[in-house]
Amino acid sequence: MDYLKIQGIKSLSGTIKISGAKNASLPLIAMTILAKNSVSIKNLPNVADIKTLLKLLTNLGANCEFQKIKTIVDTTQLTETKATYDIVKTMRASILVLGPLLTRFGHCEVSLPGGCAIGQRPIDLHLKALEQMGATIDIKSGYVQASAPNGLKGCEIIFDKITVTGTANIVMAAALAKGVTTIINAAREPEVVQLCEVLHASGVKIEGIGTAVLAIHGTHGKLIHIDEFSIIPDRIEAGTYLCAGAITKSELKLTNVNAKHLGAVIAKLEEMGSSFTITKNTITIHPSQIIKPIKIVTQEYPAFPTDMQAQFLALATQANGVSIIEERLFENRFMHVSELQRLGANISLNGSVATVSGQSQLSGTDIMATDLRASSALVLAALVADGETKIHRIYHLDRGYDQLEKKLEGVGAKIERLKE
Ligand code: UD1
């Protein structure tokens, strides 16, 4: 197993190129199941979750070819329709193949993903919506067994809660369904928007893209032709590096980034004292020498993302006052708190609310990554801790950050990947 060794330093400087968004790539890779051609995808990030999903598709009979700047995914010869536990257990987002497999083949089996470190994360809303579209769903031996021998039918679906992968799954299922599917209370995340835009450009008419009400006009079973597309920049990776600039009080420039997707994150960093220069595809952070405390409540897009909560918690340990951070989406997403406390952070937890009591001088020690975004919060804290910090179990980090240590090294961080 690898670990990261980080030497706390005073400042960073330079430019970081942002990779393609993991959370946009996952549904868009699953979407290739709907294609009648081999699909060329540019700007896929080089992270473990993407490899996992491509492996899952390969197991189903797809052919994936990695070229220098693009990946070609050919699902035209797909034969298998069972996504097995050994892969799904490593990545919950594997559930994204459920909608596309069912709508294309009329049947499929996908292992139940189970809970994960940050909470229970049920998929009941995905299943209920597919049933409304005419599917029969059985849960047997840990698998979702879905069938719709005569195809799925468009209908009105009202999501009780906003769900990102749930919306993506139903949009893909609806793409080949008969008639129009209307999703009310749909997720509006940029990653969902890109999925809808690519499908729309491929001949699946979708109305309401970017709003909470989507109307998807299905092709009645006809596979679609998908032209080459490029994955949008990763807003969470970008947000994490903006926090790196803020916490180390360093000017950093991010390229290949879309500031429009980072509105809530930039607004909070501005409240904490930073200012920004923004162009069409760059963001430069001009940090303040004094970090102000903050109040944050995580919510669905366009509000403040839960995927940035851990990083802001790390940043708040360096603020000159009391910050309050409330997690509204996942019940157990504060495991980084005890690791930050090991570094000397002054944080108290009360249910879903973390209170960070002012600035504390962190000091390096051995700590453990517990989930993907928690891992990056630990990296941020280690950048300003006195002495050396070793972050273990960084396979969590590798799921979603493309070459994090190389990117940070490139702007002056003292960071090394080593073997246990
Ligand atoms: C996605 C993102 C993840 C992000 C999260 C919230 C991907 C691959 N992952 O996860 O990085 O943290 O959105 O922005 O894009 N829920 C149910 N029943 C369901 C589905 C969801 O109760 O059937 C609940 C969840 O437990 C959670 C909330 O709804 O409390 C939102 O979850 P959801 O948007 O589905 O998260 P993911 O799509 O899994």
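A strand here is a DSSP run of E with at least two residues, and strands are numbered from the N terminus. With that settled, I looked up C155, which is found in the loop between β9 and β10. The model I am reading is predicted.

**Entry: C155**

I asked which residues C155 touches when those up to four places away in sequence are not counted. I found Q132, M133, V180, T181 and T182. I then checked C155 against L125, and the two are 30 residues apart in sequence. From C-alpha to C-alpha, C155 and L125 are 15 Å apart in space.

**Entry: cavities**

I searched the whole structure for cavities of 30 Å³ or more and noted four. The largest cavity has a volume of about 50 Å³. Which residues line the largest cavity? I wrote down L125, K128, A129, Q132, I157, I158, F159 and D160. Q132 of this lining is also on my list of residues touched by C155.

I sorted the lining of the largest cavity by element next. Both α5 and β10, the strand at 156-158, supply at least two residues each. The most comes from α5, with four residues. By class, I noted five nonpolar residues, one polar and two charged in this lining.

**Entry: α5 and α6**

I stayed with α5, which covers residues 124-132, and looked at how this helix packs with α6, residues 164-175. The angle is about 25 degrees, and the axes are 9 Å apart. Angles under 35 degrees count as roughly parallel, so α5 and α6 are roughly parallel to each other. The crossing of α5 past α6 is right-handed.

On the α5 side I listed H126, A129 and L130 as making the contact. On the α6 side I listed T165, G166, N169, I170 and A173. The contact of α5 with α6 has four nonpolar and four polar residues, and no charged ones. A129 belongs to this contact and also lines the largest cavity.

**Entry: α1 and α7**

I moved to helix α1, residues 22-31, and helix α7, residues 190-201. How do their axes cross, and within what distance do they come? I noted a crossing at roughly 30 degrees, with the axes coming within 8 Å. That angle makes α1 roughly parallel to α7. I recorded a right-handed crossing for α1 past α7.

From α1, the contact uses N23, A24, P27, L28 and M31. From α7, it uses E191, Q194, L195, V198 and L199. I divided the residues of this contact into seven nonpolar, two polar and one charged.

**Entry: α10 and α11**

I looked up one more helix pair, α10 at residues 309-316 and α11 at residues 335-342. They pack at an angle of about 25 degrees, with their axes 10 Å apart. Therefore α10 and α11 are roughly parallel to each other. I noted that α10 passes α11 in a right-handed crossing.

In α10, I found Q309, A310, L313 and A314 facing the contact list of H336, V337 and L340 in α11, which they meet. The classes here are five nonpolar and two polar, with no charged residues.

**Entry: backbone details**

I checked the peptide bond from Y301 to P302 and found it cis, with omega near 10 degrees. P302 has its place in the loop between β18, residues 295-297, and α10.

I also checked S141, where phi is near 50 degrees. That is a positive value in a residue other than glycine. S141 is found in the loop between β8, residues 136-140, and β9, residues 143-147.

**Entry: the second largest pocket**

I ended with the second largest pocket, which holds about 510 Å³ of space. The lining of the second largest pocket divides into nine nonpolar, eight polar and seven charged residues.

Technical notes: Residues are numbered from 1 along each chain as its sequence is written. This is a predicted model: local features need pLDDT of at least 70, side-chain atom pairs count only at pLDDT 80 or more; totals for chains, interfaces and linings use all residues. Side-chain values use heavy atoms; hydrogens and water are left out. On a 1 Å grid over the protein atoms alone, a cavity is a set of points where a 1.4 Å probe fits but cannot get out, and a pocket is an open set with protein on both sides within 12 Å along at least five of seven lines; lining residues have an atom within 4 Å of a point. Grid points are joined across faces, edges and corners, and a volume is the space filled by probe spheres set on the points. Ala, Val, Leu, Ile, Met, Phe, Trp, Tyr, Cys and Pro count as nonpolar, Asp, Glu, Lys and Arg as charged, and the others, Gly among them, as polar. Axes are lines fitted to C-alpha atoms, for helices over the stretch in contact, and angles run from 0 to 180 degrees between N-to-C directions. Angles under 35 degrees count as roughly parallel, over 145 as roughly antiparallel, 65 to 115 as roughly perpendicular and the rest as oblique. A crossing is left-handed if the near helix is turned anticlockwise from the far one by less than a right angle, and right-handed if clockwise. Contact means heavy atoms within 4.5 Å.
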